[in-house]
Amino acid sequence: MEGVSVDDKHKIVVAVDESEESMHALSWCLSNLISHNSTTTLVLLYVKPRPIIYSSFDIAEHIFSADVIVAMEKYGTDLVNSVMKRAEAVFRNFNRNVNVEKVIGSGEAQDVICDTVEKLRPDTLVMGSHGYGFLKRAILGSVSEHCAKRVKCPVVIVKHPHDKTTLPSNSSLKHDDGF
């Protein structure tokens, strides 16, 4: 079309965590959303849970020594590094023109993801699905469902191939044609 400019620059946020589901979502994103002829910024977003530290005013008082607090902080840092190394291994296998940025947040995953997406204004948010059933989702909540309702950009929720909430296998399907 004459006079129409197509912007080949895209920004995609992929929420990553320790799970196989998030790494599968990253792989799916690289295979399906990023073309060879575009310049894409891929933002890997990891959310660390806030460390639980109780003060002397809390009813359930826990007093942590400095060593325990340092060990908890080191564990959190090691976890971030481990997840980002796994993510790097996934996108290293793809020959794409991708600029990778890493964003680390801290707090409730659903809030941090939504706030980060609002701030970065990406074209798409990609998340993995843990495949929880109705009861687990009702009790634990669904981060991806919350984000899909709250953010303004399109959200792609990628199911893991081993997700138990997908259709039943062929062996359990009944065929009317005699098979």
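**Entry 1: burial and strand β2**

I count a residue as buried when its relative accessible area is under 20%. This is a predicted model, and I keep that in mind throughout. I looked at β2 with the burial cut-off in hand. Eight of its 10 residues are buried, so β2 is largely enclosed by the rest of the structure.

**Entry 2: confidence**

The mean pLDDT of the protein is 78, and 71% of the residues reach 70 or more. Which helix has the lowest confidence, and which the highest? Helix α4 (residues 134–140) is lowest, at a mean of 57, and helix α3 (residues 109–120) is highest, at 96. Residues 1–6 have pLDDT below 50, and I found zero contacts for this stretch beyond near neighbours in sequence. Residues 165–179 also stay under 50. For residues 165–179 the model has seven contacts beyond four places in sequence. Where pLDDT is low, the predicted coordinates should not be read in detail, so I leave such details alone.

**Entry 3: partners of β2**

I followed the pairing of β2 on both counts listed for this strand. β1 pairs with β2 in the parallel sense, over eight bridges. One of the bridges joins lysine 9 to threonine 39 in β2. The chain runs from β1 through α1 to β2, and this β-α-β crossover is right-handed. β2 also pairs with strand β3 (residues 98–106), again in the parallel sense, over nine bridges. Opposite leucine 45 I found valine 103 in β3.

**Entry 4: helix α1**

I then took the helix of that crossover. α1 covers residues 20–32, which is 13 residues. From first C-alpha to last, α1 reaches 18 Å, close to the 18 Å expected at 1.5 Å a residue. Its buried residues are Glu21, Ser22, Met23, Ala25, Leu26, Cys29 and Leu30. What do they pack against? I noted β1 (9–16), β2 (39–48), α2 (66–92), β4 (124–129) and β5 (155–159).

Leaving out residues up to four places away in sequence, glutamate 20 touches Arg86 and His160.

**Entry 5: helix α3**

α3 has 12 residues and reaches 16 Å from its first C-alpha to its last, close to the 16 Å expected at 1.5 Å a residue. In α3 I found Val112, Ile113, Cys114, Thr116 and Val117 buried. The buried residues of α3 pack against β1, β2, β3, β4 and α5 (143–150). After α3 comes arginine 121, whose phi is positive, near 50 degrees.

**Entry 6: cysteines**

How many disulfides does the structure hold? I found zero. Cysteine 147 is in no disulfide, and the nearest cysteine sulfur, that of cysteine 114, is 3.5 Å away. I use 2.5 Å as the limit for a disulfide. Is cysteine 147 buried or exposed? Its relative accessibility is 0%, so cysteine 147 counts as buried.

I also looked at cysteine 153. The closest cysteine sulfur to its own is again in cysteine 114, at 9.3 Å, which is too far for a bond. Cysteine 153 has 13% relative accessibility and therefore counts as buried.

Terms used. Residues numbered from 1 in each chain as written. Predicted model: local features only at pLDDT ≥ 70, side-chain atom pairs only at ≥ 80, totals over all residues. Heavy atoms only, no water. pLDDT = per-residue confidence, 0-100. Helix = DSSP H or I, 4+ residues; strand = E, 2+ residues; numbered from the N terminus. Contact = heavy atoms within 4.5 Å. Expected span 1.5 Å × (residues − 1). Buried < 20%, exposed > 50% of the residue type's maximum accessible area, 1.4 Å probe, protein only. Pairing = 2+ DSSP bridges. Right-handed = clockwise from strand over helix to strand, strands pointing away.
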